[in-house]
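Hi,

Here is the structure I promised to pass on. Have a look at it first, then read my notes below.

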Amino acid sequence: MTSADAGSPLALVLAVGVLVACGVTLLLERSLTRILLGVILLGNGVNLLILLGGRPGAAPLAGTAPTGAMSDALPQAMVLTAIVITFGLTAFLLAVSYRSWYLTGDDEVPDDIEDRQIVRQAERNEAATADLGGEGPDSDPEQVDPGPAHRRRAGDADGH
């Protein structure tokens, strides 16, 4: 290993750390676009981490180099599989984000009823109470929520 190669693994480990940290930070946002970017960054960081776990060397082709000098093919195969999985998840999140934008006009994930209850209880320092049930779904105050505000389309201004 030469002195030029000595800094390269450290730079790659730092790149993994930055990609994973930025990806996790974006995953915690409420915007589906930022969540999508977080999944992509996290996927790339994990792929780079898997590649760093392999042995560097010559191409893993039979007869091109001694067996001990060949790179490890397993991390490369795992990364190819992870790329396909990340691509599928990205396509799914793009479809969900587009559908949310089409229906509501934004891509922000709304709070659930339970989220709002937890925030109110935390503000009052109350413990969560058990839902004993017995009432129907429309009369249960814990489950009734005024639906999301829908965006008006271009032809809907006059009510048609």
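One term before we start: a residue is called buried when its relative accessible area is under 20%, exposed when that area is over 50%, and partly exposed in between. Also keep in mind that this is a predicted model.

With that cut-off, take Ser71. Its relative accessible area is 11%, so Ser71 counts as buried. You'll find Ser71 in the loop between helix 2 (32-52) and helix 3 (73-104). What does Ser71 touch, leaving out residues up to four places away in sequence? The list is Arg55, Pro56, Gly57, Ala58, Pro60 and Gln76. With Gln76 there is also a polar contact between the side chains, at 3.4 Å.

Now zoom out. The protein chain has 4 helices and 0 strands, so the pattern along the sequence reads α-α-α-α. Of its 160 residues, 16% count as buried. The accessible surface of the chain is about 11700 Å², and 65% of that belongs to carbon and sulfur atoms. As for contacts with a separation of 6 or more, 52% of them are between residues 24 or more positions apart.

Beyond residues up to four places away in sequence, Leu93 touches Leu36 and Val39. Leu93 and Leu32 are 61 residues apart along the chain, yet their C-alpha atoms are separated by 7.6 Å.

Last stop, helix 4 (residues 113-124). Its 12 residues, at 1.5 Å a residue, should span 16 Å. In case you try the sum yourself, the expected span is 1.5 Å times one less than the number of residues. The end C-alpha atoms are 17 Å apart, which agrees. Just after helix 4 comes Asn125, which takes a positive phi of about 55 degrees.

Methods:
Residues are numbered from 1 along each chain as its sequence is written. This is a predicted model: local features need pLDDT of at least 70, side-chain atom pairs count only at pLDDT 80 or more; totals for chains, interfaces and linings use all residues. Side-chain values use heavy atoms; hydrogens and water are left out. Helices (H or I, at least four residues) and strands (E, at least two) are DSSP runs, numbered from the N terminus. Buried means under 20% relative accessible area, exposed over 50%, partly exposed in between (1.4 Å probe, protein chains only). Contact means heavy atoms within 4.5 Å. Accessible areas come from the Shrake-Rupley method with a 1.4 Å probe; for residues, only the protein chains shown count as cover. A polar contact is a pair of N or O atoms within 3.5 Å; within protein, one must be able to donate a hydrogen and the other to accept it, and residues adjacent in sequence count only if both atoms are side-chain atoms.
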